[in-house]
Amino acid sequence: MKRAALLLLTVGLLAAGSILSGCATVRPYEKERLADPIMSFREETREATRELHWIEAREGSNGGTGVSGGGCACN
Amino acid sequence: MQLARELRRNGAAILATGAAMVAGSPAVAGTTLHDSEAEMRFELFTDSDHVRVSSAGGSWGAALQDNWNVAVDWLRQVVTVPGIAAAPGSQEAADSVSGASRPIASDSDPHADFYKSRQQVSTALNWNGASAGYYVSSESDYFAQQVSGSFERGLLNDNLLLSLSGSYGWDSIDPAEDTDGQTEADRKTTTHGAFVATQVLTPITMLQAGVELSSVGGLQHNPYRNIYVDGGYIAERHPDSRLRQDVFFRLNQYLPNRASAKLGYKLYRDDWGIQSHTVESKLSQYVGQRVTVRYRHRYYVQTESDFFSESYTTPGGIDGYRTGDYRMGDFSSHLFGTKISVDLGRGPIEVDWLENVGIVAKYERYFNSNNFSANILETALALSF
């Protein structure tokens, strides 16, 4: 279990490091495409949170959205 | 949709300032809305075990003064679990029960369909990147509550958004009368924490990465499910504690011709011995002025838990635990889906009263290597104001 935790921590730190390691700065006026609804992370997360309940009732894992969906005896 | 309209009205300046918000990380319980808007949803879920779930729900959010906003999400579900297709107490009946969550009471007809309803409400209050939320779900045999909070902060000229969130849930499980007589109320608690970073890489590329950790305590098996062991059947039993952790990545790429591609990956592990990989891709494409079409594929594969077995020879199972839950075994699944969104306010002919109205239709097909399959149909009506 410690190996698993270490693996996850390492992968997480590598990801965080790569993100924080100085990507080119994108100026506000260059973000038109990023603001398009079809690029939204937030909308994806809302949809994923709604489907968490039926997915978790049929698969052994959870997560992947950054939020906890709340408990239920869902079918 | 709301942001897109603002852009049409006010130009690229609003787009630019709104980008950081759109790129934002998950909010509390997923209830945060962009601005003032409302949505109504209807969903029908049917699977190959003849379980049917009809859902009606909605969301409402409003931007208040001084950067405050409030969001409410509600849901009502009616669940139909089919009757068993064999004599109660037989091997076949035990197997039938394992696929659904329902009591097999001696004073009711186990061959008849079992119905129950679930009501769920979640609320969130947000202010300057800080959120607090409350969730409640009520069923005849299950009552769940959760409080949550999160904080997010933009850095590097809003090219990097960091979000830290946590929640605590406490559930009361009070099974209906069942043939095994196990009707004692039980509890389950869930403590969850997440750290999510969202980075703008280029003017057309964003990356999101997150780490999550959950600690679950209390009842974690189905109180109605029985396991066939050596000529008789006995109640399922899972460990009372579970530590779950995952890391995930999501990459959003804008494509030429008004399209986008989204790729995601999640690695999950827990101390019950389950490890899973999830790979997901989505392709969105504008068709004309009003319509957006999205295609989706999700692939999932997991290993089995330490105490899973196709059959148990003693009531003690493996290390004292026994399960009839296929989710504890190894399997893989696919999900394919299409979603069509129509923004009625767009297009060459604009009608004032339709300007803030959108409709969504979604169909998804899920199937796994255990010959289980499901159909999910969802429609939604969205209003922004």
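Author: A polar contact is a pair of N or O atoms within 3.5 Å, where within protein one must be able to donate a hydrogen and the other to accept it, and residues adjacent in sequence count only if both atoms are side-chain atoms. Such a contact, at 3.1 Å, joins the side chains of Gln146(B) and Ser68(A). The model is predicted, so local features need pLDDT of at least 70 and side-chain atom pairs count only at pLDDT 80 or more, while totals for chains, interfaces and linings use all residues. Residues are numbered from 1 along each chain as its sequence is written, chains are lettered from A in the order in which they are written, and side-chain values use heavy atoms, with hydrogens and water left out.

Gln146(B) counts as buried because its relative accessibility is 4%, buried meaning under 20% relative accessible area with a 1.4 Å probe and protein chains only. Leaving aside residues up to four places away in sequence, Gln146(B) touches residues including Ser68(A), Gly70(A), Tyr134(B) and Trp170(B), contact meaning heavy atoms within 4.5 Å.

Turning to the two chains as a whole, the contact takes 59 residues from chain A and 109 residues from chain B. Between chain A and chain B, 35 residue pairs are in polar contact, both residues at pLDDT 80 or more. Across this interface there are also twelve salt bridges, each a side-chain nitrogen of Lys or Arg within 4 Å of a carboxyl oxygen of Asp or Glu. The side chains of Glu44(A) and Lys262(B) form a salt bridge, with 2.8 Å from N to O.

Terms used. Buried means under 20% relative accessible area, exposed over 50%, partly exposed in between (1.4 Å probe, protein chains only).
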